[in-house]
Amino acid sequence: MTGLLDVTDIHKSYGAIRAVDGVSFNVAAGEILGVIGPNGSGKTTLFNTILGQVAPSSGKVLFEGEDITGLPPLRLARRGIGRTFQSLQVFGKLSVRDNLIAAGQEFLDTPARRLFSKPDAGLGQRADEMIALFKLGHVAKLAAGSLSYGQQKLVDIAMAFIPAPRLVLLDEPCAGVNPALIEDLLALLLQLNSQQGGSFIVIEHNMDFIMRLCGRVMCMAQGAILAIGPGEAIRANPAVLEAYLGD
Amino acid sequence: MTGLGKSLRWPVLILAIIALAVLPTSLKSYGVYILTLWAVYVIAGMGLNLTVGYAGQISLGQAAFLGIGAYTAGLMAKLGFSYLLIVPASASICFLVGLGLGFPALRVQHHYLAFATLGFNMLCFLVFRNEEWLTGGTFGMNDIARPVLFGWHFSRAADFYQLTFGITVVLAVLMALLLRSPWGRAFAALRDNPIRAESVGISTTFYTLMAFAIGAAYAGVAGALFAPLVGFIEPASFTVTNSLAMLLMVIVGGQGRFFGPALGAVIVVLLPEWLRFAADWYLAVFGFMIVVMMVWMPGGLLSLADRWKRP
Amino acid sequence: MTDLLQLLLSGVSTGACYALAALGFTLLWQASGTINFALGEMVMLPAFMMLFFLNVASLPLAVAFLLTLVASLLVLGGMFKLLVVDPLIRHGVIPLVIATLGLSIGFKNLTRVAYSAQVFTFPSIFPDRLIDIFGLRVTVAEIGTAVLACGVALGVQFFLNRTLTGRAMQAVAQNRDAARVLGINANRMVMYAFLVNAALAALTALLVTPVYLAKFDMGDTLGTKAFYAAIIGGFNNSRGALLGGVLVGVLENLVGAYISPSYKEGVALLLFLLVIVFMPQGLLGKPEERRV
Amino acid sequence: MIKRRTTLKLATSALAVPALGITGARAADTVKMIDDVELSGPGVTSGSMWKNGVDMAIKEINAGGGILGRQIEVSHQDNQSQAQIAKAVATKAIDDEPYVILGPIFSGDVNVSSAVAETAETPMFMGGEAANLTQQGKKYLFRSSLSQSAAMPKVANYMQKVGIKSVVIVWISNDFGKGGHDTMLKELNARGIKVLADIPTEPGQMDYTSVVVNAVKAGADAIFSYKNEEESARFLIALRKYGYDKPVIGETVLVSQRVIELAGTAANGARGHVGLTVDAPNPLVLAFGAKFKAIYGYASDHNGIKGYTSIYLIKAVTEKLGKFDRKALAAAIHGGSFSAKQYPGLLLDVAFDAAGDLDRESYLVEVRDGKQVITETLPPLGKV
């Protein structure tokens, strides 16, 4: 089956440790796939191999039918794959608005044309829309590094969506975020998914969040896929329960 | 920033530029000379500030570019080229060499990059000194004439100062435009978080090379002015010590702040002159003042403004 | 053949001096990430302290050395860490680099004003004797310096790897937070590194100055060469400093004798640049993890 | 906003301060001299000696009533051994309208400063030794010592006389060494003495083994060594270690008291030509040397004597003229000769040619048992 993203038999070992051990799955256009699993089950390593941070030991990753295995992050970004980070990753000294413009400007024009284009690279309006969407208006002119953890997290997520990527990988979007904000975040992501039509892969420990956001959920344990399917089925799966309880 | 402050910004800046442009008519030749030297260092410092302050790459090789620019200008002046060609040539050669120096920066980061650029500067010094056929070797190049542009001779100290200051202002405006452009934002992104930059499509390779090359080109222009200003160039003016002095300029002024190099150059060029009253002790005082200044305000002098704003 | 051996031998001895100065540099880097541009001045200063005790106070060399050692531990160890490094280290590498640069200018000119810009002789701890081994001529001082330098480098290595304090220091260098969890007083370990560095500086001064002569700017060349040595050998390895120093010393001699005296330094520089670009961890160092 | 205003305020006060310093009033009963000299950077060793010599002479002269009844007021300005700063210092000096400018010593610094002095028609008494400095037709530039172009022929003559047919030149890669090397090469070629190896060394070089190996391998009759003090000493030590037994010949520095002190027994046997030495067999010079050592705690080298005699030369000529007149001063020195008998502070008789080069007697010296021994006194070249 050919989807938006086809991952086939990915292996990644560090010495004797098999961090990812034969993972295959696919993501359809517009789908939101959740990834769960205990700590050390290989979720983040899987992300890193897909995102070009580390090269897989073997296996193949196809995006829109083209082989993107091991491509560096820059090339993946240019092909329309965005991401957020587990730890805080914003441009600390730039304002929130500039963070958002920076996240989108490289997808327009050639470098030479960008040099002579308007300071906001024509992205001002788009950035302002995102700022409104993420309710960041009151901090838009402040340096991103000076914001609270949760606010920076929102900036990070908004940045990933600025260029309207066709696939976004979100690494624990809820971690460290104020519970009051999580509801907002959920609504936001669903809205973005229906508006922009991109596909998401979301790593998250917050079960409730994952179940409400994702159509399908994949559970990993010890580098392999334990189960994949609709959320309710995964929640009821005895192997998944055991993996979590046994952890 | 208050509304009043904002509305005053442009008039104050323009008044200051006019004052700096006409002031030398009331100064004696020493004042004019020191002021011209200051302007030359401001140009080189602006370039270094782009590389270090805005793009976050450490460079300890700016004096080598100043030297390359100065030798290019000296040689071309001897061969009778017009100054209209000399400045772009110095800038372009430095731009290209800067691109070359940017390549190690792609492989190594931070302190290693500092060392690589330091090594580059030392190699340049050896070349300046040893390749006598080209550079005049230890004895350098003497009698470098002041420029003639459109039949106008810039040989008088005040005229040459105004030419230099004019070029400084033009380059400052260009720098401001660059920093306001999407490129400026990309440089800052590269400095703040190169990994995140890559993930949003900002090519660290491209912008790192550009940060080095443009920074070097500024030093090239500074060199092309340095040569006719002093009228003489020798390898001793382009050692690592001078590179360190230029870095000092940028850091003490305030890295990543637009007016940092202008203030930093005041410290490096003029502070030792003011300290001359301390006679023998003046350089020792200068050295320890730098230490105290850094410990007190690691963000540079201009970071004081932030402290006042947010007490 | 004799010439070649002669060149190698004296290169090793000179390199050992570079290595001694480089050792302190790598130590500070490992312990706290400090890049010290006042490296050469930290050897020059103890040399002039000793000269002061010897000539002005007319003390014997051993006493002069001990007093210098104490002064050195206080000023170059404790005060340097507390007054300069501690306030600056959290602001990143550059402000500290600039501050040590200021220190270098300050120390150098202080010495110049206090002690004049002239060159001074310095007593050697080794007898002034020449040994002739099958046509190979070496002085006792050369052999002594090389042996002592190797001994000190290996001693530092032993201290870091085999003693409890040493290992604690390394743990702090590798991961300060983890070390803290293990109950190691990180700050104290870093202080130890600064004290060892200061002691090394005094020892280096004692060994190098008789050969190199005491002058306020003696740190310029010494500092630069030690710097090459530290990078080439490996920033985070004490044996690396030794290898780097010896390589620089020997290379300079070989290039000077057989290739080009005017680019003698150029070749060490080239090696330095190649190492930085292609194996930045140095010849013996461990690669540093890039933080993501 | 504060940011910008602070910058501007600082920048404008930056201009005001040096400008004010320039227009200070001066008392009419003093005569102003400004010393543009290397007090930091690589030239400081020579520069501080020069400064001491200048200070010593001025103190003596002021104590004795000054020049034509006016006290000398000197201001020493460090040029950091960098041409761009030397030019700043010279420019500042000219704004101050001094009677004369003293220094600099390094040729690059002299080059830029003398151009400034020339335009302002202010006499400049420099310590530079490079041959080319006085060959640019400057009217206000004077030497305070024999130039390399006056000293090297004497050394080359000596080599020829003792039958040296081939030589190795070892020189230091700074402007001092390079100048000596270039001049010497010319003189050796003119006399048919072959140069078998030509070896530059680095300032601050630690290990001279490679130099010694190549110098010995060349198999020449002698080594000509032209380096600064500590480098000369290290080289002599390395030569002795290697067991080199042919003559080592130098000029001024190699056989100076300082090098003998630094090199210890390794200096024995070194020979050379000395233009100015505190050990010259001349009561005036010896008295100077003793006094210098008593004041500063170490022996003067030729730079100390250069600074000292420059001041006395200025005094001598000014008093002869009977007025303070820069142009007349410069004109009177050109082609003039001045005897130490008449003006004791000159230490030695001295004569100037039209270019501002001076000529005076000099010595051949050999180091024996750690002492400079003068083997021959050479008369002035007598071209003046």
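**Interface of chains A and B, and local backbone features**

About 2,200 Å² is buried between chain B and chain A, 60% of it on carbon and sulfur atoms. Buried area here is the accessible area (1.4 Å probe) that two parts lose on being put together, summed over both. Pro182(B), Arg185(B) and Arg196(B) supply 31% of the area that chain B buries against chain A, more than any other three residues. The model is predicted: local features need pLDDT of at least 70, side-chain atom pairs count only at pLDDT 80 or more, and totals for chains, interfaces and linings use all residues. Residues are numbered from 1 along each chain as its sequence is written, chains are lettered from A and ligands numbered from 1 in the order in which they are written, and side-chain values use heavy atoms, with hydrogens and water left out.

The contact (heavy atoms within 4.5 Å) involves 23 residues of chain B and 31 residues of chain A. Between the two chains, 13 residue pairs are in polar contact, both residues at pLDDT 80 or more. A polar contact is a pair of N or O atoms within 3.5 Å; within protein, one must be able to donate a hydrogen and the other to accept it, and residues adjacent in sequence count only if both atoms are side-chain atoms.

On chain B, α7 (157-180), α8 (182-192), α9 (194-199) and α10 (204-230) each supply at least two residues of the side that touches chain A. Helices (H or I, at least four residues) and strands (E, at least two) are DSSP runs, numbered from the N terminus. The most comes from α8(B), with eight residues. The side of chain B that touches chain A comprises twelve nonpolar, five polar and six charged residues. Ala, Val, Leu, Ile, Met, Phe, Trp, Tyr, Cys and Pro count as nonpolar, Asp, Glu, Lys and Arg as charged, and the others, Gly among them, as polar.

Two salt bridges cross the interface of chain B and chain A. The criterion is a side-chain nitrogen of Lys or Arg within 4 Å of a carboxyl oxygen of Asp or Glu. One salt bridge joins the side chains of Asp98(A) and Arg185(B) (2.9 Å, N to O).

Backbone features were also examined. Asp109(A), not a glycine, has a positive phi near 55 degrees. Asp109(A) sits in the loop between α3 (96-105) and α4 (111-115) of chain A. Its relative accessible area is 46%, partly exposed. Buried means under 20%, exposed over 50%, partly exposed in between (1.4 Å probe, protein chains only). Thr252(D), also not a glycine, has a positive phi of about 55 degrees. Thr252(D) is buried, at 9%.
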